[in-house]
Amino acid sequence: MNLLICKEEWRIANSNRFRITDPIKIKHISEILKKRIGDRIKAGIVNQSLGQWLIEESNSHEIVGTYKPILKPKRRFPEVRILLAVNRPPTVRKILELSGTWGVSEIRFFLSKNSRKDYLTSPVWKSEEMEKELWEGMEQGTNIFLPKVHLDFQNRPETILLETEKNGNFPFRFLLDRKGKSIVRIFENRKNKNFEYSNFGILAAIGPESGFVKKEVELFQKYGFENVTVSSRVLRTETAVAFLLSRLEEVSLF
């Protein structure tokens, strides 16, 4: 844990004091981080600020401390949203954690032709399960911005794309494909056309383990998605997401 995110349910009255009673958190703070009364921990409040948490009381049942905000960080630029077809539950967990670590703005899960519907019976789709993975990623990556997650298992991909178009500016639309173009080449082409970088987002579509069917690929291309590659190797879905986000760390692209 590189960042303690102070949850609202931990807040004492309307103060900046927070009480932790979660035994896992208490054990991590006292035994792994070896923090004691008077020590400070890097902390934050979701979507608000980063700061420090001063430990004032500590025992085996609870830890109480005061949070002091220090700065208000900015969200990631560019904004990244992911359209993710339903995958195996362990894969979904890894992608949720990764999204929290990196600071993805939004993830929308949907059913594609090759998605297995029996995966929908997994507890991973429960809000508390998804939040748990997101928060672990956020604490790992010192990110305070909680990704939004939408479960859209009723609508067809075309309906989802129409809705997404209404809610954001996404001139960069990527469809992950091992035989696609490189991200660098796509950005260079835009630079040559004097593309304005001040306010835009990236929308990435990622298929199930077996990929999108031809009809779905054609639909995404109809909506302006370009086939992009992040590796010449055959990657697991969660690895492909990690490769994509790592490429978007390259400041030179923007």
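## Exercises on salt bridges

Arg-93 has a relative accessibility of 23% and counts as partly exposed, a class between buried (under 20% relative accessible area) and exposed (over 50%), computed with a 1.4 Å probe on protein chains only.

The model is predicted, so local features need pLDDT of at least 70 and side-chain atom pairs count only at pLDDT 80 or more, while totals for chains, interfaces and linings use all residues. Residues are numbered from 1 along each chain as its sequence is written, and side-chain values use heavy atoms, leaving out hydrogens and water.

**Exercise 1.** Determine with which residue Arg-93 forms a salt bridge, and state which parts the pair ties together.

*Solution.* Step 1: Side chains of opposite charge can pair when their charged atoms come close. Step 2: The criterion for a salt bridge is a side-chain nitrogen of Lys or Arg within 4 Å of a carboxyl oxygen of Asp or Glu. Step 3: The partner of Arg-93 is Glu-129, with the closest N and O atoms 3.0 Å apart. Step 4: Since Arg-93 lies in helix H2 and Glu-129 in helix H3 (residues 127–141), the pair ties together parts 36 residues apart in sequence. Helices (H or I, at least four residues) and strands (E, at least two) are DSSP runs, numbered from the N terminus. Step 5: Glu-129 is also partly exposed, its relative accessible area being 23%.

**Exercise 2.** Locate Lys-222 and Glu-158 in the chain, and classify each by accessibility.

*Solution.* Step 1: A salt bridge joins the side chains of Lys-222 and Glu-158, at 3.6 Å from N to O. Step 2: This pair links distant parts of the chain, with Lys-222 in helix H6 and Glu-158 in helix H4 (residues 157–166), 64 residues apart. Step 3: Lys-222 counts as exposed at 61% relative accessibility, whereas Glu-158 counts as partly exposed at 32%.
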